[in-house]
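Please read it alongside the sequence and the model.

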Amino acid sequence: MIRRETRSGAAWLASQPAEVQEEFLNDLSEGALLALPYLFEFWALDHQMAPEGDWRTWVIMGGRGAGKTRAGAEWVRCQVEGARPMDAGLARRVALVGETVDQAREVMVFGDSGILACSPPDRRPVWNAGRKRLLWPNGAVAQVFSAHDPDSLRGPQFDAAWVDELAKWNKPRDAWDMLQFALRLGDNPRQVVTTTPRNLAVLKEILHSASTVVTQAPTEANRANLAASFLAEVRARYEGSRLGRQELDGELLEDTEGTLWPGAVFDRCRHQGDMPDFSRVVVAVDPPVTGHEGSDECGIVVVGAVLDGDMADWHAVVLADRSVQGHTPLGWARAAVDAAREFDADSLVAEVNQGGDLVEAVVRQVDALVPYRAVRASRGKLARAEPVAALYEQGRISHVAGLTDLEDQMGQMSNRGYQGKGSPDRVDALVWAITELMLVGAGRAGPPKIRTLM
């Protein structure tokens, strides 16, 4: 997998003083000025430029509105157009494959960033509705196909293809396989895939292929062409959620096999509305064995719980992840005590398997009066995590936005143990906090405090 970064001419020009911009435009001939809007290499963003080198598939993954469609349309232009309107290009037969024929036509052909909108008048193809194809002045042809009908790709053959929103396809495996058999003309048949990523097996296989190159960009990369109100609204609504990371940041979020916390859990458990009056708030700490730059993280997680009524009605909210790395013992102790003060915590709970009494000693150096309770693990991490994961399945735990690092680590805790790198210190702290509040320590709850958590 290769990623390539470039700097467009437009980006360079935009960064220059007004006099330099004016001089540049004044030096262009009339023909050059007329051609400038159609010189995509000049205007393209980094992720929209086709990578160099020997590749068969170029995947453009990006957030909504990141400019994927424009990049796909311009790549098709680059393949079919020659130096002059009637000259042959690199490709003569192109497949345009969308989720449905209607979507392919409306987005890939007639869309605001589609092929017709991007083409200069002397090279603009003509749409033949009856045969569902575009015909260029030089004889090149692009035919539209629906991923709902993979068998329609049996028989035709192509030297280039543009695949749009593969992650949305109803029959992604069948349609992709049929396209690969059809992509067999010319010396170097190629295809571009423009998609918002989803945890799809065929997409992951494509990304991991040695013949695939990838460019990636968030929605904000194309902010100059998007409404500011749109960006503000979607970021306010989805910032920090897995859906936001997928649809806005263009990240491929994969679930670890056998994970205790599948990705869908985090979208379901997003806390909405005002904070309740918590019966208890706990800061849980999972200290590292050592305290230097290369140490594991010190997990520090804040959780509040409402413990009114029957146990089945109890609910907890994960309020913050204040984990730190590379701190001395005194450094992480300060971070933990600061979190306890910030959230008016009833208790600071710390695992002491590694540090014993020294853990409390270092915490007391920061605040001698902080309510403190030591806990010691008698079971493995997986055994401790499973009952907490069950509470998530029951819908009794919710998360505030912005807990990305914690959620990533949770997603790598599987029924075979932790599958990530290092130690799951954030997860350990979370498990200690929820265990203390919801499973073993709830009896210590008194009347709810009046807190002003926003």
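A residue counts as buried under 20% relative accessible area, as exposed over 50%, and as partly exposed in between, with a 1.4 Å probe and protein chains only. By that criterion, 50% of the 454 residues of the protein chain are buried. This is a predicted model, in which local features need pLDDT of at least 70 and side-chain atom pairs count only at pLDDT 80 or more, while totals for chains, interfaces and linings use all residues. Residues are numbered from 1 along each chain as its sequence is written, and side-chain values use heavy atoms, with hydrogens and water left out.

**Overall architecture**

- The protein chain comprises 17 helices and 16 strands; these are DSSP runs numbered from the N terminus, with helices being H or I of at least four residues and strands being E of at least two.
- A contact is defined by heavy atoms within 4.5 Å. Among contacts in the protein chain with a separation of 6 or more, 71% join residues 24 or more positions apart.
- The protein chain exposes about 21400 Å², of which carbon and sulfur atoms supply 50%; accessible areas come from the Shrake-Rupley method with a 1.4 Å probe, and for residues only the protein chains shown count as cover.

**Nonpolar cores**

- A nonpolar core is a set of buried Ala, Val, Leu, Ile, Met, Phe, Trp, Tyr and Cys residues joined through side-chain atoms within 4.5 Å.
- The largest nonpolar core has 68 residues, and Trp-261, Tyr-392 and Met-438 have the most contacts inside it. Helix H17 (residues 425-439) contributes the largest share of this core, with nine residues.
- Beyond its neighbours within four places in sequence, Met-438 is in contact with Ala-305, Leu-307, Met-311, Trp-314, His-315, Ala-316, Leu-391, Arg-396 and Ile-397.
- A second, separate core of 27 residues includes Ala-73, Ala-91, Trp-136 and Ala-142.

**Cavity**

- On a 1 Å grid over the protein atoms alone, a cavity is a set of points where a 1.4 Å probe fits but cannot get out, and lining residues have an atom within 4 Å of a point. Grid points are joined across faces, edges and corners, and a volume is the space filled by probe spheres set on the points.
- The structure holds one cavity of 30 Å³ or more, and the largest cavity has a volume of about 30 Å³.
- The lining of the largest cavity consists of Glu-81, Gly-82, Pro-85, Arg-123, Trp-136, Pro-137 and Asn-138.
- This lining divides into three nonpolar, two polar and two charged residues, where Ala, Val, Leu, Ile, Met, Phe, Trp, Tyr, Cys and Pro count as nonpolar, Asp, Glu, Lys and Arg as charged, and the others, Gly among them, as polar.

- Most residues other than glycine have a negative phi.
- Glu-165, which is not a glycine, has a positive phi of about 50 degrees. Glu-165 sits in the loop between strand S6 (160-164) and helix H8 (172-182), and counts as buried because its relative accessibility is 17%.
- Asp-344 also is not a glycine and has a positive phi of about 50 degrees. The loop between helix H13 (329-342) and strand S12 (347-351) holds Asp-344, which is partly exposed at 38% relative accessibility.

**Residues linked across the sequence**

- Leu-96 belongs to strand S2 (residues 93-98) and is buried, given its 0% relative accessibility. The C-alpha atoms of Leu-96 and Trp-162 are separated by 5.0 Å, although the two residues are 66 residues apart along the chain.
- Leaving aside neighbours within four places in sequence, the contacts of Leu-96 include Val-76, Met-108, Leu-134, Ala-142 and Trp-162.
- Gln-157 occupies the loop between strand S5 (141-146) and S6 and is partly exposed at 37% relative accessibility.
- Ser-279, in the loop between helix H12 (263-268) and strand S9 (280-286), is buried with a relative accessible area of 4%. Its C-alpha atom is separated by 7.5 Å from that of Gly-304, 25 residues apart along the chain.
- Asn-415 lies in the loop between strand S15 (413-414) and strand S16 (417-418), and its relative accessible area of 48% makes it partly exposed. Beyond neighbours within four places in sequence, Asn-415 is in contact with Gly-258, Leu-260 and Leu-382.

Methods:
On a 1 Å grid over the protein atoms alone, a cavity is a set of points where a 1.4 Å probe fits but cannot get out, and a pocket is an open set with protein on both sides within 12 Å along at least five of seven lines; lining residues have an atom within 4 Å of a point.
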